[in-house]
Amino acid sequence: MLPWKRVLRPLARPLAALLMTAAATLVPVATAQAETQAEAAVSWGWNDYSCKPSAAHPRPVVLVHGTFANGIDNWLTLAPYLTNRGYCVFSLDYGQLPGVPLFYGLGPIDESAEQLDAFVDKVLAATGAAEADLVGHSQGGMMPRYYLKFLGGAAEVNAFVGIAPSNHGTTLNGLTNLLTYFPGAADLLTTATPALADQVVGSAFLTKLNAGGDTVPGVRYTVIATRYDEVVTPYSSQFLSGTGVHNVLIQDLCPLDLSEHAAVGLLDRIAFHEVTNALDPAHATATTCLSAIG
C-alpha cells in the first residue's frame, strides 16, 4: 500500500460523519426554508393541485430534479417558463437521506423511482389526467426510466424529456476511476450517498436499467445534451437508443450555447424551447439561438 493511501483511508469515514453531523444541525432552518419555498412555488404557478390541464396541454408536467438538488431550486426558471405557456406543472423531492436537508437525490435510485411513481399517481388523481409528461435533469433525466421500465410507469407517461441525463453512467472525466486507489471509498460512497454509486459507469443499478434496451414501448423519449457537460461524461453517453427516441445536442441547434451540465438544466432557454417542442410536437417550432429570448 502506498503511504498516501494509509493517510487517506482513516480520514474517509470521519469526514463523512462530520459532513452528516453538520448537515443535521441545519435541519430546523432548512425545514423552514423548504416550507417557504414550497409556498412560493404555488404562488409562482406550479405545484398548484387545483390546476386542470387544458385542451391545448392535456397532460400535467412532472419535473424531476437532479442529484444534490431539490424540487424547487432545480426548477426556478423552467417551471415558470412552462406555467406561463399554459402547462400544469408539478415537482417533487425524492432521494432524501436522514439528517440531510435540502440536498436530495442521494438515496438508492430504485427507491427514488418508487417515490416518483407515488407522486405521479397523486398528480394524475388531482388533475384527472390519464397520463403525465416527465422532464428531468441529470439523475432526474435517468431515474424515471426505472419507473417506466419496472414500476408500470409506461402506462402513466406519454413523453419523457431528459436534460443532461446520466443514462449510461459517468466517469466524471475519469475521476470515479480513482475510487480503486482509496481502500473503502467505494463502500463509503454506497453507504453515504447510494445515488452517486448507482450512477458510476458499470454499476449494478445501471446494468439492470439498461439490460434489454434503453426504452420501453409507448413512451416518447427526448434527450437534450450539451457538448460542454463536465459531469456526465462523455456527453454522448447520455443519448438513448431505441424506437421513439429523439437525441438532441444543444450546440447543433445553437453553436453559441456554452451551457455546461448545471446551466443547461437550470437556466438555458434554448434547451427549454426544445423541452416544449418535445412536450407538444404537433406545434413544435425551430429551436435556434434566438430561442434564448423567446
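**Note on the predicted structure**

1. The structure holds two salt bridges, a salt bridge being a side-chain nitrogen of Lys or Arg within 4 Å of a carboxyl oxygen of Asp or Glu. This is a predicted model, in which local features need pLDDT of at least 70, side-chain atom pairs count only at pLDDT 80 or more, and totals for chains, interfaces and linings use all residues. Residues are numbered from 1 along each chain as its sequence is written, and side-chain values use heavy atoms, with hydrogens and water left out.

2. Helices (H or I, at least four residues) and strands (E, at least two) are DSSP runs, numbered from the N terminus. Asp133 counts as buried because its relative accessibility is 2%; buried means under 20% relative accessible area, exposed over 50%, and partly exposed in between (1.4 Å probe, protein chains only).

3. Arg145 forms a salt bridge with Asp214, and the closest N and O atoms are 3.9 Å apart. This pair, too, links distant parts of the chain, with Arg145 in helix α5 (residues 144-150) and Asp214 in the loop between α8 (204-210) and β5, 69 residues apart. Arg145 is buried, with a relative accessible area of 3%, and Asp214 counts as buried at 10% relative accessibility.

4. On a 1 Å grid over the protein atoms alone, a cavity is a set of points where a 1.4 Å probe fits but cannot get out, while a pocket is an open set with protein on both sides within 12 Å along at least five of seven lines; lining residues have an atom within 4 Å of a point. Grid points are joined across faces, edges and corners, and a volume is the space filled by probe spheres set on the points. The count comes to one cavity of 30 Å³ or more, and the largest cavity holds about 30 Å³ of space.

5. Which strands each supply at least two residues of the lining of the largest cavity? They are β4 (157-163) and β5 (220-225). The lining includes Phe160, Val161 and Gly162, together with Tyr221, Thr222 and Val223. By residue type, this lining divides into six nonpolar, four polar and no charged. Here Ala, Val, Leu, Ile, Met, Phe, Trp, Tyr, Cys and Pro count as nonpolar, Asp, Glu, Lys and Arg as charged, and the others, Gly among them, as polar.

6. The second largest pocket contains about 510 Å³ of space. It is lined by 23 residues, of which Thr67, Phe68, Leu172, Leu196 and Val231 are the closest to its centre. Helix α10 (residues 261-266) gives the most to this lining, with three residues. The lining of the second largest pocket comprises twelve nonpolar, ten polar and one charged.

7. On the surface, Leu172, Leu175, Leu178, Tyr181 and Phe182 form a nonpolar patch with about 430 Å² of accessible area together. Patches are made of residues with over 30% relative accessible area and no salt bridge; like charges are joined within 9 Å, and nonpolar side chains (Val, Leu, Ile, Met, Phe, Trp, Tyr) within 5 Å. Accessible areas come from the Shrake-Rupley method with a 1.4 Å probe, and for residues only the protein chains shown count as cover. Leu178 is in the loop between β4 and α6 (185-192) and is partly exposed, with a relative accessible area of 40%.

8. Some backbone details deserve attention. Most residues other than glycine have a negative phi, and most peptide bonds are trans. Leu102, although not a glycine, has a positive phi of about 70°; Leu102 lies in the loop between β2 (89-92) and α4 (109-127). Ala164, also not a glycine, has a positive phi of about 50° and is buried, with a relative accessible area of 0%. The peptide bond from Thr233 to Pro234 is cis, with omega near -10°, and Pro234 is found in the loop between β5 and β6 (245-249).

9. Two contacts bring together residues that are separated in sequence. Asn158, in strand β4, is 61 residues from Val219 in sequence and 5.2 Å from Val219 in space, C-alpha to C-alpha. Thr193, in the loop between α6 and α7 (194-198), and Leu106 are 87 residues apart along the chain, with their C-alpha atoms separated by 5.2 Å.
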